[in-house]
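Welcome! Let us take a short tour of this structure, one residue at a time.

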Amino acid sequence: MEQKVPVVDSNQNPLMPTTPGRADRWVKSGKATPFWKKGIFCVRLNIEPSARNYQPMACGIDPGSKMEGYTISSANHQYLNIQLLAVDWVKKHVKTRREMRRSRRYRKTPCRQPRWNKLTNKIRLAPSTKARWQWKLRIANWLSQIYPITVFVVEDIKANTWGGKWGKNFSPLQVGKDWFYSQIQKIAPVELLQGSETAELRNQLGLKKSQNQMAETFSAHCVDSFTLAYSAVG
């Protein structure tokens, strides 16, 4: 993977990344200002760019229950590979909060009168599901602020449902990913690949996936996110 430095203009709009040497010359001459964006070194142009030519750039997202991978790639360059821990602690916190609330009901302490539940008969995301997919949306927003992403390619996770469409409405995974797709489409178009399609393309590229999904290596999750991005830009 060739190292590239993300570039934004004076209005914080992402431009095509550049080489570290060119970015260093821009900074020394005063044409650009360096800054860090969530641990990634970037430069902001202080002058109008000479051109605004963009190449198709894809962001591959490989969701996971414990870890997930993200890849930013174009037809000629691979700009970024990251693996992040998924949000899986909210469910335990909600359970602890519920148990503590129930224990308080048996104490002889003043409490307010019960209020009408405003969420009755409304479609909503469970706290654990909402936190998990909001995390993915925040990562997508962060990457789109420094890279001119033209398409998101996401591996569509299979949701175990029953009863057809009716059963899908009660699947936290199905409801969560549908919400995520609707939100991420506001940033860039979204393409979905099934797990079998990702595996077939990965085998065609001669790549192997690690059996240890928690390993901090490219072959754990980034191999799939790279394959997803490759399917869109080649």
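Two residues are in contact when they have heavy atoms within 4.5 Å of each other. Keep in mind that this is a predicted model.

Setting aside its neighbours within four places in sequence, Thr129 is in contact with Pro172 and Gly176. Thr129 counts as buried because its relative accessibility is 9%, and buried means under 20%.

**A residue in a loop**

Next, look for Lys208 in the loop that runs between helix H6 (195-204) and helix H7 (222-233). When residues up to four places away in sequence are not counted, Lys208 touches Ser219 and Val223. Ala220 is 12 residues from Lys208 in sequence, and their C-alpha atoms are 9.1 Å apart in space.

| Residue | Relative accessibility | Class |
|---|---|---|
| Thr129 | 9% | buried |
| Arg104 | 43% | partly exposed |
| Lys208 | 72% | exposed |

Why does Lys208 count as exposed? Its relative accessibility is 72%, and exposed means over 50%. Arg104, at 43%, counts as partly exposed, since that class lies between under 20% and over 50%.

Definitions and conventions: Residues are numbered from 1 along each chain as its sequence is written. This is a predicted model: local features need pLDDT of at least 70, side-chain atom pairs count only at pLDDT 80 or more; totals for chains, interfaces and linings use all residues. Side-chain values use heavy atoms; hydrogens and water are left out. Buried means under 20% relative accessible area, exposed over 50%, partly exposed in between (1.4 Å probe, protein chains only). Helices (H or I, at least four residues) and strands (E, at least two) are DSSP runs, numbered from the N terminus.
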